[in-house]
Amino acid sequence: MTSLVTYLKKYKGDALIATISVIIIAFATLWQPRILQEMITAILQKDQTTVLHLGIQLIALAILGIIAGIINTIYAAKTAQEISADMREKGYRKIQTFSFGNIEKFSASNLVIRLTNDINQVQLVIMSVLQQLTRIPILFVGAFVLAIVTMPRFWWIIVLMLVLIVVVSVFAFTRMGKYFEKVQTQLENNNTLARENLMGMRVVKSFVQEKNQIAKFSKSSDEMTDTTIKIGNLFSILMPAFFLVGDLAVAGSIMLVGTMITKDPSMIAAVQAFISYLMQILFSVVMGGFMMTGASRAFVSLRRLQEIYDTKPDLTFPDVPETSLSGDVQFENVTFAYPGDDEPVLQDISFKVKAGEMIGIVGATGSGKTTLAQLIPRLYDPNSGVVKVGGRNIKDVNEKSLRNAVSFILQRSTLFSGTISHNLKQGKQDATLNDMKWAANVAQAAEFIEKLDEQYDAKVEERSANFSGGQKQRLSITRGVIKKPDILIMDDSTSALDARSEKLVQQALENQLAGTTTIIIAEKISSIIKADRILVLDKGHLVGEGTHQELVKNNQIYQEIYQTQKALEEV
Ligand SMILES: Nc1ncnc2c1ncn2[C@@H]1O[C@H](COP(=O)(O)OP(=O)(O)OP(=O)(O)O)[C@@H](O)[C@H]1O
């Protein structure tokens with residue numbers, strides 16, 4: 001809530017205009033029955049001049065109310081939009097500082113929902129605060145006082161009506177609040193299912209999983225429908241119940257004044273004003289209830305957003321001058337477990353790589369190859385031990401120095417929607433066309449890029465759907481090599497390439513990036529057979545280190561992997 005006040009302060013000018021205009025609306029609403037009462041009295045007294053004056057006043061008041069209403073809606077919407085845009089940007093900026101560990105703790109889809117749906121909830125409540133918050137108490141107190149002033153002897157009708165309304169409201173709104181919270185969670189489930197399904201559409205189709213997916217989604221959607229129907233049912237009882245209470249109060253007032261009117265006709269004027277005020281009291285209580293329900297939803301959303309803002313990035317870089325790092329890499333007794341896991345994925349790993357060497361990393365699935373590679377660009381910090389690049393502990397160098405030195409081509413190629421050149425410039429911001437052509441040649445991507453009509457300006461669609469798996473990998477490699485890094489890590493990033501292309505990429509890397517340290521994680525030993533050294537991982541332990549010939553002779557795990565792959569090739 002305090003954070004909301006801080007945002008409101010930033011836009012206090014707009015918020016003030018919205019608030020002043022709503023105060024004008026409230027007073028205009030309160031004054032109308034009063035004028036009407038005087039008008040009816042003047043009509044009964046056949047006082048034409050007063051009727052005319054009061055008529056003009058009534059029209060002026062209505063126009064004032066309309067103008068204030070328009071101004072209020074414009075400024076309330078503007079403030080709500082401005083604040084929600086700030087919140088969204090703040091959240092997005094914060095997420096950019098998150099480590100992999102931070103993001104995994106929330107999960108990507110959860111973060112998306114917080115930045116969209118939760119912010120929408122907060123936006124709605126800001127809008128309603130600026131449209132109703134000051135109006136409700138003014139209207140309630142004003143209508144209450146004016147109703148009693150108009151017909152003092154009927155004070156008990158108002159009290160009775162209020163008691164009945166409060167009973168109905170407490171019953172309905174407390175239930176509704178719970179259902180609203182439930183809908184929020186159910187919406188999250190629905191979104192996660194829909195996203196998973198759409199992103200994995202190829203898998204769904206190829207495994208003929210449509211029916212299962214539909215059943216899963218229908219179940220989740222039905223649950224949400226159940227809750228929304230319950231909310232709808234409550235609303236359908238609530239509104240008539242409020243009107244019933246209001247109508248009873250009106251009917252009661254009319255019955256009670258019925259006999260008096262014959263004696264004193266001016267009572268007609270008073271009773272109409274009294275009824276209008278009863279309706280205004282009813283309206284303010286109902287609106288107050290709705291606002292509170294909306295606020296309770298928004299509080300849940302605000303809390304969820306605050307969790308993002310309050311999260312401390314669990315990995316930060318020191319604020320030290322930029323340095324250039326050589327391609328030496330060293331692990332000293334490194335042990336690592338993923339955040340939240342007790343079991344280490346890497347245990348006591350030590351090795352040294354000299355600048356310019358080509359290193360292969362092999363090991364069974366899940367042995368920790370990717371994890372080890374991720375520690376070099378400091379995507380995670382080890383639990384114990386030290387990782388050094390260019391002879392420096394990477395915890396002591398600034399982020400830019402490390403990012404300049406290391407290029408990491410991921411196992412799963414991720415390209416962004418835009419153009420090819422836009423993606424390649426992520427690797428080197430000021431890349432020229434020549435840089436792109438050079439890198440594309442190294443990655444064996446030039447042959448297909450240059451066949452495209454727009455070549456390097458060709459469009460990359462969302463999730464790079466317009467490129468094949470092999471083309472995506474080549475584009476990823478192009479992006480990875482374009483800055484001629486000191487250290488190039490390739491995490492199984494030639495898996496979708498045919499043997500000939502893979503060989504050509506390796507040759508180009510050897511020739512064009514001779515001084516670069518290349519660390520290649522490979523499923524196939526054939527991909528790293530020529531490496532200067534190969535590291536063998538087994539269940540998180542470094543169990544061998546040497547050339548292919550050495551390892552084939554003296555490393556049992558390596559021999560097993562090699563024999564299995566050879567046997568498969570022969571088959
Ligand atoms: N983000 C993560 N959070 C928790 N555990 C993880 C995470 N990523 C990987 N692991 C676990 O760490 C272990 C090592 O995974 P890693 O991806 O490093 O293996 P790998 O040798 O590269 O496997 P593959 O050859 O299949 O890519 C596995 O048991 C895996 O389940």
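The following questions and answers go through a predicted model.

Student: Which conventions on numbering and pLDDT apply here?
Tutor: Residues are numbered from 1 along each chain as its sequence is written. In this predicted model, local features need pLDDT of at least 70 and side-chain atom pairs count only at pLDDT 80 or more, while totals for chains, interfaces and linings use all residues.

Student: How many helices and strands are there in the protein?
Tutor: Helices (H or I, at least four residues) and strands (E, at least two) are DSSP runs, numbered from the N terminus. Counted this way, the protein has 19 helices and twelve strands.

Student: What percentage of the residues in the protein is buried?
Tutor: A residue is buried if 20 or more other C-beta atoms lie within 10 Å of its own, exposed if 12 or fewer, and partly exposed in between, with C-beta atoms placed from the backbone. The protein has 571 residues, and the buried share of them is 33%.

Student: Among contacts between residues at least 6 apart in sequence, what share joins residues at least 24 apart?
Tutor: Two residues are in contact if their C-beta atoms, placed from the backbone, lie within 7 Å. For the contacts you describe, the share is 78%.

Student: Which residues have the most contacts inside the largest nonpolar core?
Tutor: A nonpolar core is a set of buried Ala, Val, Leu, Ile, Met, Phe, Trp, Tyr and Cys residues joined through C-beta atoms within 7 Å. The largest one has 63 residues. Apart from it lies another core, of 56 residues, with I83, F154, A269 and V271 among them. In the largest core, the residues with the most contacts are I376, V389, I487 and I489.

Student: Which residues does I489 touch, leaving out those up to four places away in sequence?
Tutor: I489 is among the residues with the most contacts inside the largest core. Its contacts beyond that sequence limit are A373, I376, V406, S407, F408, I409 and I519.

Student: Which are the edge strands of the four-stranded open sheet?
Tutor: Two strands pair if DSSP finds at least two bridges between them. The order in the sheet is β2-β1-β4-β5, with antiparallel pairing. Two strands pair on one side only, and these edge strands are β2 (346–353) and β5 (392–393).

Student: Which residue is the bridge partner of K388 in β5?
Tutor: Strand β4 (residues 384–389) is joined to β1 (residues 329–336) by five bridges, and on that side Q330 stands opposite K388. Two bridges join β4 to β5. In β5, K388 has as its partner N393.

Student: Which residue in the turn of the β4 and β5 hairpin has a positive phi?
Tutor: Two residues lie between β4 and β5 in this hairpin. The turn residue with a positive phi, about 60 degrees, is G390.

Student: Why does R378 count as buried?
Tutor: R378 is found in the loop between α11 and β4. Its phi is positive, about 60 degrees, although R378 is not a glycine. Most residues other than glycine have a negative phi. R378 counts as buried because the number of other C-beta atoms within 10 Å is 20.

Student: Is Q444 buried or exposed?
Tutor: Q444 lies in the loop between α14 (433–442) and α15 (446–449), and has a positive phi of about 60 degrees without being a glycine. There are 24 other C-beta atoms within 10 Å, so Q444 is buried.

Student: How far apart are the C-alpha atoms of K395 and P318?
Tutor: K395 lies in the loop between β5 and α12 (399–405). K395 has 16 C-beta neighbours inside 10 Å and so counts as partly exposed. K395 and P318 are 77 residues apart in sequence, but their C-alpha separation is 7.4 Å.
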